Amino acid sequence: MITTAAPDFAALFPNGGRLMGLDVGTKTIGVAFCDVNWAFATPDKTILRKKFSIDLETLKSLVAQHSIIGLVVGLPLNMDGTDSPRTQSTRAFARNLAPLALPLLLWDERWSTAAVERAMIAADVSRAKRAERVDSAAAAFILQGAIDALTRE
């Protein structure tokens, strides 16, 4: 099941559980995880994209390792809320995650990377460290926004 409706997604997990957040880019996939009670999201790693089959195996391994029950994938909408070519690519990526057999929430990620970049600059993180960490931090930002909405429902 792929949805953009937080209430429908939340209804699948009455007892919570660990979710994995993904910030899907053309060259990397930022990864984050949340706790079982959906209180906080934590950045984990950045996967350098290769062939999709290799990326899928990496994600399968993370799902098993962290006992993941659902996925939250950042959806890069245009500022007016419409789809862009990148949005369509992300939707296709989400559909291709079907072998993971997990419910998937597409979450509006407008401004996520920009917000994370601003926070890192404010924290005086070097440009090199920002480049290394921005994708996983953006995944955590996306996942945090989603779990905040899920717990409000």
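Which residue in strand 5 is the bridge partner of glycine 21? I looked this up to get started, and the partner is valine 72.

**Entry 1: ground rules.** I am working with a predicted model, where local features need pLDDT of at least 70 and side-chain atom pairs count only at pLDDT 80 or more, while totals for chains, interfaces and linings use all residues. Residues are numbered from 1 along each chain as its sequence is written, and side-chain values use heavy atoms, with hydrogens and water left out.

**Entry 2: strand 5.** Helices (H or I, at least four residues) and strands (E, at least two) are DSSP runs, numbered from the N terminus. I followed strand 5, residues 68-75, and found seven of its eight residues buried, so the strand is largely enclosed by the rest of the structure. Buried means under 20% relative accessible area, exposed over 50%, and partly exposed in between (1.4 Å probe, protein chains only).

Next I checked its neighbours, where two strands pair if DSSP finds at least two bridges between them. Strand 2 (residues 18-24) pairs with strand 5 in the parallel sense, over five bridges. Strand 6 (residues 104-108) also pairs with strand 5 in the parallel sense, over five bridges. There I saw leucine 71 standing opposite leucine 104 of strand 6.

**Entry 3: helix 3.** Strand 5, helix 3 (residues 85-96) and strand 6 make a right-handed β-α-β unit. Right-handed here means that, with the strands pointing away from the viewer, the path from the first strand over the helix to the second runs clockwise.

How far does helix 3 reach from its first C-alpha to its last? Its twelve residues reach 17 Å, close to the 16 Å expected at 1.5 Å a residue (the expected span is 1.5 Å times one less than the number of residues). I noted Thr87, Thr90, Phe93 and Ala94 as buried in helix 3. Seen down the helix axis, the buried residues fall within an arc of 120°, so they line one face of helix 3; the arc is that of the directions from the axis to the C-beta atoms. Their cover includes strand 1 (2-3), strand 2, strand 3, helix 2, strand 5 and strand 6, with contact meaning heavy atoms within 4.5 Å.

**Entry 4: two loop residues.** Tryptophan 38 has a positive phi of about 60° although it is not a glycine. I found it in the loop between strand 3 (28-34) and strand 4 (41-48). Is tryptophan 38 buried or exposed? Tryptophan 38 is buried, with a relative accessible area of 8%.

Serine 67 has a positive phi too, near 50°, and lies in the loop between helix 2 (52-65) and strand 5. Serine 67 is exposed, at a relative accessible area of 53%.
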